[in-house]
Amino acid sequence: METEATVSEFQEMLSERGVTRRDFMKLCGAVAVAAGLTELAAPQVAQALESSVIGATKGNLYPVIWIEGASCTGCTESFAQADAPDPATVVLEMISLNYCETLSAAAGWSMEEAKEQTIEAGNYILVYEGGVLKNWGGQALRVANETGTDILVHAAEKANAVVALGSCAVNGGWMAAHPNPSNALGVQQYLKEAGVETPVINVPGCPANPEWLVAILVDVVLMQRLPALNGENKPSVIYDQTIHDNCQRRGHFENGEFVYEFGSPEEAMGYCLYPLGCRGPQTKSNCGIVRWNHRRSWCVESGAPCIGCCEANPMNPGQNWVEVNTPFYKRHRDLRVGDFVFQPGTVALIVTAVVAGALIVHGFGMKVSGRMDGGADFEKKRAWDAKHPDKSIGKYDDDDAKGGQE
C-alpha cells in the first residue's frame with residue numbers, strides 16, 4: 001500500500017513542474033492504454049509511478065543505455081520532444097539515461113567510461129536505434145576504437161533486454177533498401193548470428209511512437225516483466241492488428257467510397273485513401289488508437305495515406321518498409337528483376353500491347369493470303385455434305401451443288 005507521505009511527496013514533485021494531480025491521473029490513463037490496459041488501470045499505474053519516482057530520488061534509478069546505429073536519430077527526437085505532462089516526462093524521472101549519443105550532456109572519454117561502468121554493473125536496458133552495418137567489418141559506425149558491430153554485441157550481452165527502436169533497428173529500414181551496399185540488417189538477426197541470447201523487443205516505425213517506448217518501459221521497469229510479444233518479437237498489443245482495423249475511414253472503405261485524386265471533393269469528405277496507395281490493410285500497428293502528438297491526430301486522419309513504415313520482418317532485411325511499399329502513392333509496390341524495376345500495371349500494359357500486336361499481324365496475314373476477300377476456299381465442300389446432298393448443312397453455289405450431285 002502506498003502511504004500518504006509518498007503521495008504527498010510525489011505530488012510536491014509534480015507541483016514543482018506545474019503538473020496537477022488531475023493531469024497526472026490523465027497521463028496515467030494514457031500510459032495504461034499504451035501498455036495494453038484500459039484507462040481503469042490508471043490508479044495502479046499511478047501507484048507504481050509514485051513508488052518508483054520516489055525511489056528514484058533516493059538513488060534507485062534504472063539504468064538505460066541508448067546507442068545509435070545507422071540512423072537519423074528520428075526515434076530519439078520523437079521521444080525527446082514530447083511536452084509535459086506526458087508519460088515520457090515522468091518515466092524519465094525513474095530511469096538513468098547513462099549513455100545516449102544524442103541526448104547526453106557529456107562527450108568523449110567520460111561518456112564512454114559511464115557506458116562501460118553501466119555494462120559491467122549489469123541490470124540495465126539497452127535501447128538500440130538504427131540499422132546494424134555488417135560490411136567493412138563494422139568500421140562504418142566505429143566509436144572509441146570499437147567497431148559498430150562490436151559495440152552492439154558488447155552492450156547487449158549483459159542487458160536485461162534490448163529494445164530495437166524504429167524500423168531501421170528492426171531490420172535495417174532505409175539502409176537495407178536495394179541495393180543495400182552496407183549489408184544493413186536488424187538487431188535481432190545480428191545478435192542471433194553473433195550468439196547473443198538477450199531478449200530483443202522489436203518496435204518498428206519511422207519514427208517509433210514515443211508512447212510505445214513508454215509502454216515498454218512501464219512493463220520492464222515498473223512491472224518487472226517483458227511485454228507480451230508476437231512471433232516477430234513485437235509487442236502484441238501494438239502490432240497484432242492492422243491499421244485498417246482501427247482506421248476512422250474504415251466505414252468509407254466498406255461503402256466503396258474512395259479518394260482517387262488529391263484535392264477532389266471525395267478527399268474533402270474524408271473518403272478512404274486506398275486507391276492513393278494507403279498501406280493500412282497490410283500494415284500492423286495501433287497508430288489509429290494511440291495516435292501522435294498527445295493523441296491529437298495521426299497520418300491517415302491528417303489526410304495522408306499510410307506508407308506502411310511499421311512493416312519490418314526482423315529476420316529479412318529485404319522486407320523493409322521502403323522496398324516493400326514504394327512508390328508510396330501508387331496502389332502497387334514496385335517489382336524488381338535484378339536492377340530492372342517496374343510496376344505490375346506496366347507488365348499488364350505490355351502484355352496487352354503484345355497480344356493486340358499479334359492480332360494485328362494476324363489480320364494483315366489473313367488479308368495478304370486473300371482469306372478476307374470474299375472468303376478463301378478452305379474447303380470447297382464438307383465431306384459429309386458431298387455424300388448427303390439432300391441433307392447438306394452448308395450452302396454452296398450452283399457449280400458446287402452440281403458437283404456435289406455427281
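## A guided tour, from ring faces to salt bridges

Begin by selecting Tyr99 and Lys115: Lys115 lies over the face of the Tyr99 ring, at 4.8 Å from the ring centre, where a charge is taken to sit over a ring if NZ of Lys or CZ of Arg is within 6 Å of the ring centre and within 35 degrees of the ring normal. What you have open is a predicted model, in which local features need pLDDT of at least 70 and side-chain atom pairs count only at pLDDT 80 or more, while totals for chains, interfaces and linings use all residues. Residues are numbered from 1 along each chain as its sequence is written, and side-chain values use heavy atoms, with hydrogens and water left out.

**Aromatic pairs**

The structure holds nine aromatic pairs; rings of Phe, Tyr and Trp (its six-membered ring) pair if their centres lie within 6.5 Å, and planes under 30 degrees apart count as stacked, over 60 as edge-to-face and the rest as tilted. Select Trp174 and Trp321, whose ring centres are 5.4 Å apart with the planes at 85°, so this pair is edge-to-face. Because Trp174 lies in the loop between α8 (167-171) and β6 (184-185) and Trp321 in helix α15 (residues 321-325), the pair ties together parts that are 147 residues apart in sequence; helices (H or I, at least four residues) and strands (E, at least two) are DSSP runs, numbered from the N terminus. Trp174 counts as partly exposed at 45% relative accessibility, whereas Trp321 is buried, with a relative accessible area of 3%; buried means under 20% relative accessible area, exposed over 50%, and partly exposed in between (1.4 Å probe, protein chains only).

Next, select Trp212 and Trp292, an aromatic pair that is edge-to-face, with 6.4 Å from centre to centre and 70° between the planes. This pair links distant parts of the chain, Trp212 being in helix α10 (residues 210-222) and Trp292 in the loop between α14 (287-290) and α15, 80 residues apart. Both Trp212 and Trp292 are buried.

**Cysteines and cis peptide bonds**

A search of the whole structure finds zero disulfides, a disulfide being a pair of cysteine sulfur atoms within 2.5 Å. Select Cys168, which is buried with a relative accessible area of 12%, and whose sulfur is 5.6 Å from the closest cysteine sulfur, in Cys206, too far for a bond. Cys309 is likewise in no disulfide, the nearest cysteine sulfur, that of Cys310, being 4.3 Å away.

From Cys206, step along the backbone to Pro207, where a cis peptide bond joins the two residues with omega at about 0°; Pro207 lies in the loop between β7 (200-203) and α10. A cis peptide bond also joins His178 and Pro179, with omega at about 10°, and Pro179 is placed in the loop between α8 and β6.

**Positive phi angles**

Select Trp136, which has a positive phi of about 60° although it is not a glycine. Trp136 is in the loop between β4 (132-133) and α7 (148-157) and counts as exposed at 52% relative accessibility. Asn233, in the loop between α10 and α11 (236-239), also has a positive phi, near 60°, in a residue other than glycine.

**Salt bridges**

The structure holds eight salt bridges, each a side-chain nitrogen of Lys or Arg within 4 Å of a carboxyl oxygen of Asp or Glu. Select Lys158 and Glu120, whose side chains meet in a salt bridge (3.5 Å, N to O); Lys158 lies in the loop between α7 and β5 (161-165) and Glu120 in helix α6, so the pair ties together parts that are 38 residues apart in sequence. While helix α6 (residues 109-121) is on screen, pick out Thr118, which is found there and is buried, with a relative accessible area of 6%.

Finish with Arg291 and Glu301, a salt bridge in which the closest N and O atoms are 2.7 Å apart; Glu301 is partly exposed, with a relative accessible area of 35%.
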